[in-house]
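This report is for a reader who is new to the structure. Please look over the sequence and the model before reading on.

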Amino acid sequence: MVSIKAGLRGGALAAALAAGGAAQAADLVWARYGDADSLDPHRATSTLSMQVWDQIYDTLLAFDMEGTPGPNMAESWEVSDDGLTYTFKLAEGIKCHDGSDFTAQDVKFTIDRAFGDAPSLTKTSWGPITEVTVEDPLTFTVAMSSKFGAFIPFLADSFSSMICDTNTAGTFGSSTAIGTGPFKLVEWVKGDQVTLEANADFVNRGDPVENPGAPYIDRLIIRTVPEAQTRLAALTTGEVHIAEPPFDDVAAIQEEGELEIMVAENTGQDVFWEFTTSRPPFDDIRARQAVAYATDPQMAIDIIYGGLTNREWCPVARGVFGNDQAFCKRYGYPYDPEKAQALLAEMGYGPDKPLETTMFVWTGGNRHKLAEIFQAQLAQVGIQAGIEIMDIGTMNARVKAQNEDSTSEEPGTFDMMTWSWYDPDILYQLWHSPGAYSGFQNAELDAMLEETRTTIEPEARLEKVQAVIRYLMENAVHIGLYSPGWEWVFAVRPEVSGFKVGPFLHPIFTDVKIEG
Amino acid sequence: MTRFIAQRLLAALVTVWIATIAVTLLVHVVPGDPVRIMYGSFQTTPEELEAIRVRLGLDQPIWIQYAKYLGRLLQGDLGRSIVGDQPVLDILLVRFPMTLALAMASLVIAVAVGMSLGFLAAYKRGTWVDAGAMILAIVGVSMPHFWLGLLLLFLFALTLQWLPVAGGDWMSLILPALTLGLANAAVLARMTRSAMIDIFDQDFVRTARAKGLSQTLVLYRHALRSGLVPIVAMLGLQFAYLMGGAIVVENVFAWNGVGRFAIEAVFARDYPLIQGFILFFATVVALASVIVDVAYAFLDPRIRYS
Amino acid sequence: MTTETLDPRSADADAPVAASARRKPRSFLAALLRSPSGLIGLVIVGLLVVCALTAPVIAPHDPLRMAAGPRLQPPTWDYWMGTDDFGRDVLSRILYGAQLTLQIGVIAVGISLTCGLLLGLVAGYSSGWTERVLMRLVDVLFSFTEIVIALACLAIFGVGLTNAMIAIGIASIPFYARVTHSVVLVEKGKPYFEAATAAGAGHLRLIFVHLLPNVVPTLIVVGTLGVSTAVLAAAGLSFLGLGAQPPEPEWGFMLSASRDLISRAPWMMIFPGLAIAVTVLGFNLLGDGVREALDPRQRQR
């Protein structure tokens with residue numbers, strides 16, 4: 001009897017081993033709801049794309065777990081007294097995936113490309129760069145036309161990923177991608193999966209992980225699995241090691257204790273109300289305030305995300321320079337439907353004449369459900385908001401077009417906008433005229449925003465940044481709702497160890513090991 | 001025969017040609033400035049938009065744009081997507097085999113289930129078998145693809161856990177193929193039944209039966225063969241609708257085919273992708289109909305002279 | 001060949017209903033009720049209309065009110081079809097959804113029927129060059145398939161339920177044009193039409209007095225079946241997120257919202273799907289019944 005039992009168990013084990021062997025023990029499969037848009041860091045803005053670049057490319061500087069930039073591919077740097085010239089020294093022996101040396105020439109190639117004929121989509125975040133000069137293979141200087149406080153942190157972000165100049169123009173970003181990061185591109189089957197293999201030459205110089213060299217896993221497979229339930233099923237069977245779980249199942253997963261739930265911190269993500277201020281009704285501050293008072297983000301996120309995210313009062317997220325909940329709350333809009341109704345009544349709206357508008361929301365992360373709750377809350381004070389769901393690229397364009405159309409007879413819209421950035425310079429990019437969305441802008445705010453760029457000394461800069469925050473909140477232009485807001489929850493299988501999510505949602509796989 | 005095939009190919013070419021005109025016009029009937037809608041993302045200045053307009057040739061008269069578009073098409077260049085700046089043809093070619101696999105598997109299921117059901121119903125005409133088969137068929141026709149898909153998913157993948165929910169291998173092809181196949185089997189069953197009833201009523205079958213030839217022989221020799229002709233003629237259209245149905249079913253099962261990509265493109269208003277998809281779809285359907293027409297002509301030689 | 005045309009896309013639905021059209025209304029109704037499919041179809045469609053009209057009275061809850069009950073409540077006496085993830089009553093949403101479904105059917109079929117009829121009449125009547133070009137174009141559009149045309153329309157207009165209804169209406173025009181065209185060709189060959197032409201009747205008179213009434217019976221059948229196609233298509237687009245937007249209680253949209261919760265709250269998936277299937281079945285049966293009633297020859301099959 002005993003021997004039969006043992007035989008059975010042995011058989012089951014053999015079967016399990018065979019099943020494991022099919023997918024190779026050292027392949028890590030990470031499933032996400034969508035695919036990267038491009039492997040070219042200058043051709044996309046989505047988090048889904050950025051997280052793939054993180055693996056293929058490396059950056060001159062790197063964030064530590066607190067989000068402070070430090071040396072990485074660049075060993076050291078100096079800033080001239082006028083603050084306009086940066087001189088960087090590269091580490092020796094960095095190799096591109098094709099075996100060529102990574103030098104100052106590659107840095108110049110990357111930056112020139114970002115400002116070239118088909119400039120990077122996030123060109124302005126590089127700052128007012130006028131020239132990159134190669135001094136010697138390991139030294140280069142960057143000249144600016146004016147002081148730019150957010151330059152150093154930008155060099156630690158993957159939008160500043162370093163691209164090797166040996167890349168082929170025709171295929172780069174779609175079928176080829178040569179960088180210096182911990183993984184090399186093997187194949188990208190669009191809409192299905194990105195296959196990466198460990199870069200044996202990789203040396204970790206600045207990432208906040210223990211492994212000093214190449215990743216322990218052989219391959220990293222980033223798979224697209226749109227349905228949350230499917231991802232969960234695949235996690236349960238072991239087909240997938242890491243994935244975003246369905247939010248409604250997180251509590252059950254935690255109770256069961258098999259999968260580990262990881263919630264990323266310091267994501268820099270901010271979800272906020274943004275309004276078309278060029279025409280009625282939101283050209284009137286009272287209408288914007290009414291929306292702010294009438295919505296109860298805490299209740300909504302409790303229902304949809306069940307404690308996985310936080311109420312965010314500030315226009316920049318937790319972990320970003322300048323964020324201070326107590327400070328922001330002072331100028332914020334706590335849930336107060338009566339106040340909202342009073343403001344609407346002042347404007348001439350009432351039970352017989354509701355304020356009609358449309359709310360834009362982008363797809364994914366259950367945001368449409370959140371929007372439905374906000375829609376119901378707004379309806380209670382007499383704001384009738386239709387919902388339009390679209391992808392983020394379309395929303396960016398539509399919001400801008402709305403603002404630029406000040407004569408339309410249609411009521412102005414508002415939107416649940418989302419931004420993730422590592423520095424309060426995002427406020428400059430959003431609100432300094434002409435502004436990312438051609439939205440609210442004036443000379444006073446412009447002057448205040450310019451000061452946040454040209455003031456470098458931290459304490460002085462904090463004052464400038466908080467002045468802007470206060471201004472944006474008092475004018476009900478940028479009303480924080482919650483943070484984080486997308487792709488920040490990970491369920492991890494028990495045999496996986498060492499998975500880490502760095503600040504600003506950079507997943508790091510170099511420490512990852514798979515047991516068994 | 002060669003002439004017939006040439007004629008059919010020419011007709012298919014006309015279809016594709018009209019599709020090229022349609023997709024060129026598509027961008028221009030969009031209300032508003034297409035360049036701004038497509039590329040007016042944050043951080044693009046008016047000057048950059050103008051540069052894009054010139055680069056895409058959208059500043060030129062429409063007939064020049066069309067001529068250039070045709071020129072590029074002949075070189076296999078379908079343009080680049082707005083989102084991520086990817087070559088449209090690459091994206092389509094990666095995904096088409098997935099859709100083709102789904103459509104073919106569904107077609108096999110539809111033909112196997114639908115034709116046997118229809119044949120059985122016609123053969124047992126007027127009995128409860130006939131009635132039962134036809135009730136099944138009308139319910140099948142009324143069943144939304146996506147609901148049938150969800151029900152199968154709920155039953156076989158989530159409750160019984162016999163089949164994977166999604167993936168890319170043949171196991172995960174079963175559920176979507178079954179969904180699409182069964183829905184089309186219902187249509188095919190009804191068509192087969194009436195086609196076969198027409199045949200059974202024809203004199204030569206009656207004669208054969210009267211002559212006392214064995215039932216089976218009659219069925220196979222005469223009825224089935226001539227019954228096949230009108231059904232094959234319909235398969236072309238069936239294939240087109242399978243491809244159309246695949247758009248929905250792919251989205252239910254997250255099957256990485258052309259259909260799932262088309263929906264993403266419409267959502268993102270990625271016009272180069274949408275144009276590429278329509279053109280591609282029209283070409284595939286037109287080619288399929290040529291193949292079916294030729295098969296039809298082989299089965300029924302009369303058609304060539306009509 | 002066959003006149004089996006349940007699914008308008010299948011087979012050759014172009015084949016006209018035999019023009020035994022000018023029958024008395026009462027005998028038509030009697031014939032309709034005598035056919036089992038006609039009777040069942042009529043009952044289902046009647047129920048749908050009643051639900052739509054009386055939804056505000058019979059719905060136990062406000063279809064849009066969140067937290068009308070607990071979240072994700074399985075079916076109980078208070079919530080016959082359970083509640084959704086916002087605590088809204090699924091039954092009430094389905095009842096109100098009937099209004100949207102009827103609207104979809106009427107608007108989509110209205111568009112395709114009107115435009116298709118005109119196109120088919122003009123093409124069929126004019127003959128020659130105009131006819132060839134028009135019908136070739138219609139054939140090409142037809143071969144694109146409806147879903148692709150609908151997607152193209154949505155890419156132009158943008159998403160939304162109204163746009164989806166219009167898109168579906170436009171997408172089916174080629175089909176209705178083909179049906180009309182083929183009926184007109186048959187009618188034009190008949191003696192009465194030749195007599196009218198010989199008598200010197202004008203174009204308008206020939207089209208509207210002579211051809212139109214003979215086209216109508218076929219179009220009633222095709223239109224009834226077309227409602228089922230339109231309802232299916234609209235639900236499909238809403239399911240894909242291209243049609244109805246929140247908080248509209250559209251059935252296809254409700255189904256898509258159920259996907260993340262399919263194992264925890266299967267009732268959110270089962271009932272809206274059932275509503276769509278039964279409605280589509282109703283219009284299919286009614287269409288079959290109408291055809292049988294209009295064309296007694298069919299009944300023997």
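## The contact between chains B and C

The model is predicted. Where chain B meets chain C, 44 residues come from chain B and 40 residues from chain C. On the chain B side, the elements that give two or more residues are helix 1 (2-29), helix 6 (128-142), helix 7 (145-159), helix 8 (171-201), helix 10 (215-252), helix 11 (258-268) and helix 12 (271-299). Helix 10 of chain B gives the most to this side, with 9 residues.

By residue type, the side of chain B that touches chain C divides into 35 nonpolar, 6 polar and 3 charged residues.

## P144(B)

P144(B) sits in the loop between helix 6 and helix 7 of chain B. Is P144(B) buried or exposed? A residue counts as buried if 20 or more other C-beta atoms lie within 10 Å of its own. P144(B) has 24 C-beta neighbours inside 10 Å, and therefore counts as buried.

Which residues are in contact with P144(B), leaving aside its neighbours within four places in sequence? They are L232(C), A235(C), G236(C), G273(C), I276(C) and A277(C). Within chain B, the C-alpha atom of P144(B) is separated by 9.7 Å from that of T179(B), and the two residues are 35 residues apart along the chain.

## Annotated spans

For chain B, an unreviewed UniProt entry lists residues 100-123, 135-158, 170-189, 228-253 and 273-299 under "transmembrane region". In the model, residues 135-158 of chain B are 92% helix and 0% strand, with end C-alpha atoms 28 Å apart. Residues 170-189 of chain B are 95% helix and 0% strand, and their end C-alpha atoms lie 26 Å apart.

For chain C, the UniProt annotation "domain: ABC transmembrane type-1", from an unreviewed entry, covers residues 98-287. This span of chain C is 83% helix and 0% strand, and its end C-alpha atoms lie 19 Å apart.

## Helix 4 of chain C

Helix 4 of chain C takes in residues 128-143, which makes 16 residues. From its first C-alpha to its last, helix 4 of chain C reaches 22 Å, close to the 22 Å expected at 1.5 Å a residue.

The buried residues in helix 4 of chain C include M135(C), V138(C), V140(C), L141(C), F142(C) and S143(C). An α-helix has 3.6 residues a turn, so residues three or four places apart point the same way. Helix 4 of chain C is followed by T145(C), which has a positive phi, near 75°.

Terms used
Residues are numbered from 1 along each chain as its sequence is written. Chains are lettered from A and ligands numbered from 1 in the order in which they are written. This is a predicted model: local features need pLDDT of at least 70, side-chain atom pairs count only at pLDDT 80 or more; totals for chains, interfaces and linings use all residues. Two residues are in contact if their C-beta atoms, placed from the backbone, lie within 7 Å. Helices (H or I, at least four residues) and strands (E, at least two) are DSSP runs, numbered from the N terminus. Ala, Val, Leu, Ile, Met, Phe, Trp, Tyr, Cys and Pro count as nonpolar, Asp, Glu, Lys and Arg as charged, and the others, Gly among them, as polar. UniProt positions are given in the numbering used here, feature names are shortened, and annotations may be inferred rather than shown by experiment. A residue is buried if 20 or more other C-beta atoms lie within 10 Å of its own, exposed if 12 or fewer, and partly exposed in between; C-beta atoms are placed from the backbone. The expected span of a helix is 1.5 Å times one less than its number of residues.
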